[in-house]
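Hello! Here are a few notes on the charged pairs in this model, written to be read with the structure open beside you.

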Amino acid sequence: MDRTSPVRSAWWTTIAVLALAFSALPATARAQTGNVTGRVTDENAAPVSAAQVVVQGTRFGTLSDASGAYAIRGLPVGAYTLVVDYPGFKTAEVPVTIEAGRTANADIRLEGHAIEIAGVVASASRRPERVTDAPATVTRISTATLDNSVGNTWAGALKQVKGLDYIQVGMTSIAVNARGFNSSFNNRMLMMEDGRTAVLPESGLPVGPLSALPKVDLAGVEVLVGPGAALYGPDASNGVITLTTKDAKQYPGTTVELTGGNRSYKDVQFRQASVFADGDWSFKVAGEYQEANDWSNALKYAGATGALISEDSMGINSIDFHDQVARGEGSLVRYIGDGRIELSGGVSRTDGVGQTNVGRNQFRGWIYDFQQIRASNPNWYFSAYRTHSNSGDSYALNRYATFYTTALTPDSVRHLADWPSNGQIFAAELQNNFTLPQVLNTHLTWGGQIRRDVVTSRRQWLTDRLTGKDVVINQKGVYAQTETPLMPWLNLVLAARYDDHDKYDGQFSPKAALVFKPSAEQSLRVSYNRAFKSPTILQTDFYIPDWTPVISVLGNTAGYTVKDVNGTVLRTYPALQPEENRTWEVGYKGVLGDRLFLDVAGYYSKYKNFISPLAIVSDPFGLGYAGDAPGVQSFAYDGNGQMVTNLAGIPPLLLIYYNLGRATVKGMDAGVNYYVNPQLTLSGTLSLVDLVSTQVAAGREEATALNSPGTKWTLGATVQNLGSSQTTQSFSANLIARYVNSYYFRSGINQGVIPTFSALDLNLGYELPSLNSRLNVGISNLLVCAQDGQLQYATTDALHRNPTNRSQKCGFNVKHDEMINMPSIGTMLFVGVSYHTP
């Protein structure tokens, strides 16, 4: 019997009861609501499309369309203020009175020149605030940017996020990191989707391309760079990426998008959102199918006979770079006054190739799904959800090569090489915010979270194989943040979070910041953060005692002692603990001369308790593999003092994860936007990072490898709304130049130099208001300067540190490398058309 069934049953019973209770709540009287409509124009009476119109103090809002028109429906009766933002213009505030059953009209004219260009974000303090007030480096990718992208090019907007390492892995997938210590199996950045922790519970990896959210339903993406554990928990060590979907009332209508591209790229997306019952209810559904024949290469591994086996010569289970994903999600929302209650769910199925520290995985039918209930109003937020991932028929290509032999059927070899996993996260969160007038108008945000991870490897490669029970981990966390205006020009921000975890001691993550505001559009901040990165289930509960006849791979929850043949202790490895990151930061954000927005931050970070890659810690054969002199035999003992043996009772070469080392990093992230006029915007980013010092045992340097470029920058120019009017078409264009300096990368078998490269991207859009349509063209890597051919290394250079051939080539369709042992990538062309009707 599935031991998780009682948990699942209780969980769904709770959600069902909550849903019924919410449905039974009395609705705001339908006659007590009204609407507001109007047009947003500039000083010359030309329409402004994609202007953000929100009702101050509520969650109601929308965007203006190509003719400048907007509509907000279902507002409770009362007096409100509409706040209208668009880059290149001042923020406009317009009072409006809503009467029962009537539609108010509020036309809004925006004034140019003295402009509001900072915008609003939510991830820094877990509530909406101006970018200039946020005590962290935060970048928001707007709804308009996402809607005007084509196919998979929306992810390219992350290239211009200050401080973010953007790594193009293929036509349909990317990898990201911030502020160093990247790896081929990187889980330093937390991913959130609509308040859900979007990670795979067995590995801690972000969901990324497995997400069930189609691009056409994304309202925005926010990237917080730097530690975020004080509010988000122990997995936000280097940053947080937050995806938010569109509300059906704010974004109603039908959207269809069709995209094609080179390498047989195809993408079909749709979204339908409607409001009914006089504005009390809404629903939406969205879906996407995407496929491409990605760039390819083939690695080689030692086979059963010792001969090298190539990934592309293993018969029907050879590596397959035909990537495809089908995803969809939907929701049902009930509106109660200025609050909302939402039931949502989604699912995706993915095929493709993914990298690990020891080789590559072939994804076949990987399923990811979620179910969630959320309730919120301006002061309270509640969420309960379940996420689930299932590896399907996926397998490790490197292990397939190890077992590959004509004596076994392909299915038999694949079953030997698979890593079955079925992981679930059950979680809930309650959050509240309010103001304390008696304490200098301090704003307090507090909350609590519970989370239960249930993972099974089908009794194959985790400790469920040993115990016969699924791996279960319980976590609880509480957090609070205060924002106190000590003076009209000085804010004090204090935050703290305490997390309790089954596997290790509690963690306390404090945060403190002073924000000096000489004007409403400028701020200078000084901050301190402490964050943790938790060991994953993979690292604590690995259990393969028979990896080979002489090698065992085990997790580390109780520690190990290594002794020689005489019983003398050679070294000890305590139980795994979370990695710690302490960061001091100084930053400035401000609008200068009414046209220039500058955001720059310098940071100094100290790390300790790095988690090692899998490493040999004992060598009973005296071969020197554990770091001892050849001839010295070493034996591992577990936390109970028992000698570690394999299934045959023989002491093995033991591989484990353990804590080691310290490192200090310093760096700078900067971004600038210059609004030349309402049609033309110039932008740029610059990031510098330097590994100041490390302390790590000889032979274990990989654990503290920075694996990030010391210098990277982008330059961009955006032209928009050319020729825009109610009767004519409008044209937009975006040009991005990106430079990444050469750097050394070391993660497992993936070792070598990433060569310097620079690339130019071009995106074009053509609006057809009369047809409710938009044509988009996206070209990534249009013009590239990069290494001419693959880097070569001397046979004596085992770690691939010093290439023997360095030369650059510039031109169109020049391929370049962004990840060791992954394919070189070239030009990506996307052509699409989108249709939207309110």
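**Notes on the salt bridges**

1. Let's begin with a cluster: D194, D247, R340, E342 and R374 are linked in a network of salt bridges. A salt bridge here is a side-chain nitrogen of Lys or Arg within 4 Å of a carboxyl oxygen of Asp or Glu. A search of the whole structure finds 37 salt bridges.

2. A word on the source. This is a predicted model, in which local features need pLDDT of at least 70 and side-chain atom pairs count only at pLDDT 80 or more, while totals for chains, interfaces and linings use all residues. Residues are numbered from 1 along each chain as its sequence is written, and side-chain values use heavy atoms, with hydrogens and water left out.

3. Next, please look at K284, which forms a salt bridge with D217; their closest N and O atoms are 2.8 Å apart. K284 lies in strand β20 (residues 281-293) and D217 in the loop between β15 (196-197) and β16 (218-225), so this pair ties together parts that are 67 residues apart in sequence. Helices (H or I, at least four residues) and strands (E, at least two) are DSSP runs, numbered from the N terminus.

4. Are K284 and D217 buried or exposed? Both are buried. Buried means under 20% relative accessible area, exposed means over 50%, and partly exposed is in between (1.4 Å probe, protein chains only).

5. R414 forms a salt bridge with D393, with 3.9 Å between the closest N and O atoms. R414 lies in helix α5 (residues 410-417) and D393 in the loop between β26 (380-390) and β27 (395-396), so the pair ties together parts that are 21 residues apart in sequence. R414 counts as buried because its relative accessibility is 10%, whereas D393, at 44%, counts as partly exposed.

6. R414 also pairs with D411, the closest N and O atoms being 3.9 Å apart. D411 and R414 are 3 residues apart in helix α5, so about one helical turn separates them. D411 is partly exposed, with a relative accessible area of 45%.

7. Which residues of α5 are buried? They are V413, R414 and A417. Seen down the axis of α5, these fall within an arc of 100 degrees (taken from the directions from the helix axis to the C-beta atoms), so they line one face of the helix.
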